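Please keep the sequence and the structure at hand while reading.

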Amino acid sequence: MKIKDEINAIKKNDPAARNTLEIILNYPGLHAIIMHRFAHFFYKKEFFLIARIISNINRFLTGIEIHPGAKIGKGLFIDHGMGIVIGETAEIGDNVTIYHGVTLGGTGKDKGKRHPTIGNNVIISAGAKVLGPIYIGDNSKIGANAVVLKDVDPNCTVVGIPAKVVKRNGIKVDEKL
């Protein structure tokens, strides 16, 4: 993974991003991703203690908690990242946008794979909670403060508590998950 992919994702998705230097110096989402890459490296080598230490330093410095076991694709854009939690078995695809207060967490009931898998080109809005070993399909959007407990098909928009589908393939619908 190249840092350039993350910087380009910020430039593409944030109209307030003026230049590369500003992004490098001032974007805690970028800092969190960089530190996560180091923590994840040690985690894969089974140096769990050092991985967790790096992860905790990352959380302290950025307000973004990413477990070192989480798998993150390229081009992740974390905007206003304070309060984000990404669990150990979470998987995030390419070109995903996550806003502040999002949780990709477990429900406390599952063993093994306990956290969500997020497809490519997904947007997860502020305060959303995506919980359990579920899949969020490519090109989907999760509305602000939605609580998602079931799989979401590709190209859908979901909102509410519990979340329901309000748009599928660009067409308005009203479906329970």
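Where does Phe-47 lie? Phe-47 is found in the loop between helix H3 (28-44) and helix H4 (48-62), where helices (H or I, at least four residues) and strands (E, at least two) are DSSP runs numbered from the N terminus.

## Basis of the model

This is a predicted model, in which local features need pLDDT of at least 70 and side-chain atom pairs count only at pLDDT 80 or more, while totals for chains, interfaces and linings use all residues. Residues are numbered from 1 along each chain as its sequence is written, and side-chain values use heavy atoms, with hydrogens and water left out.

Together with Leu-49, Ile-50, Ile-53, Ile-57, Phe-60 and Leu-61, Phe-47 makes a nonpolar surface patch of about 760 Å². Patches are made of residues with over 30% relative accessible area and no salt bridge, with like charges joined within 9 Å and nonpolar side chains (Val, Leu, Ile, Met, Phe, Trp, Tyr) within 5 Å; the areas come from the Shrake-Rupley method with a 1.4 Å probe, and for residues only the protein chains shown count as cover.

In soluble globular proteins, nonpolar side chains tend to be buried together.

## The surroundings of His-115

His-115 is buried, with a relative accessible area of 8%. The side chain of His-115 is joined to that of Thr-89 by a polar contact of 2.7 Å; such a contact is a pair of N or O atoms within 3.5 Å, of which, within protein, one must be able to donate a hydrogen and the other to accept it, and residues adjacent in sequence count only if both atoms are side-chain atoms. Not counting residues up to four places away in sequence, His-115 also touches, among others, Gly-87, Glu-88, Ala-90, Gly-132, Pro-133 and Ile-134.

## Salt bridges

How many salt bridges does a search of the whole structure find? The search finds 7, each being a side-chain nitrogen of Lys or Arg within 4 Å of a carboxyl oxygen of Asp or Glu. One of them joins the side chains of Arg-18 and Glu-22 (3.1 Å, N to O), and Arg-18 is exposed, with a relative accessible area of 66%.

Another salt bridge joins the side chains of Asp-153 and Arg-168 (2.9 Å, N to O). Because Asp-153 lies in the loop between strand E13 (147-148) and E14, and Arg-168 in strand E15 (residues 164-168), the pair ties together parts that are 15 residues apart in sequence. Asp-174 forms a salt bridge with Lys-164, with the closest N and O atoms 3.1 Å apart. Here Asp-174 lies in strand E16 (residues 171-176) and Lys-164 in strand E15, so this pair ties together parts that are 10 residues apart in sequence. Asp-174 counts as exposed, at 60% relative accessibility, whereas Lys-164 counts as partly exposed, at 32%.

## Backbone geometry

Most residues other than glycine have a negative phi, and most peptide bonds are trans. The peptide bond from Ile-161 to Pro-162 is cis, with omega near -10°, and Pro-162 lies in the loop between E14 and E15.

Phi is positive, near 50°, in His-80, a residue placed in the loop between strand E3 (77-79) and strand E4 (85-86) and exposed, with a relative accessible area of 57%. Asn-139 has a positive phi near 65°; this residue lies in the loop between strand E11 (135-136) and strand E12 (141-142) and is partly exposed, with a relative accessible area of 36%.

Key
Buried means under 20% relative accessible area, exposed over 50%, partly exposed in between (1.4 Å probe, protein chains only). Contact means heavy atoms within 4.5 Å.
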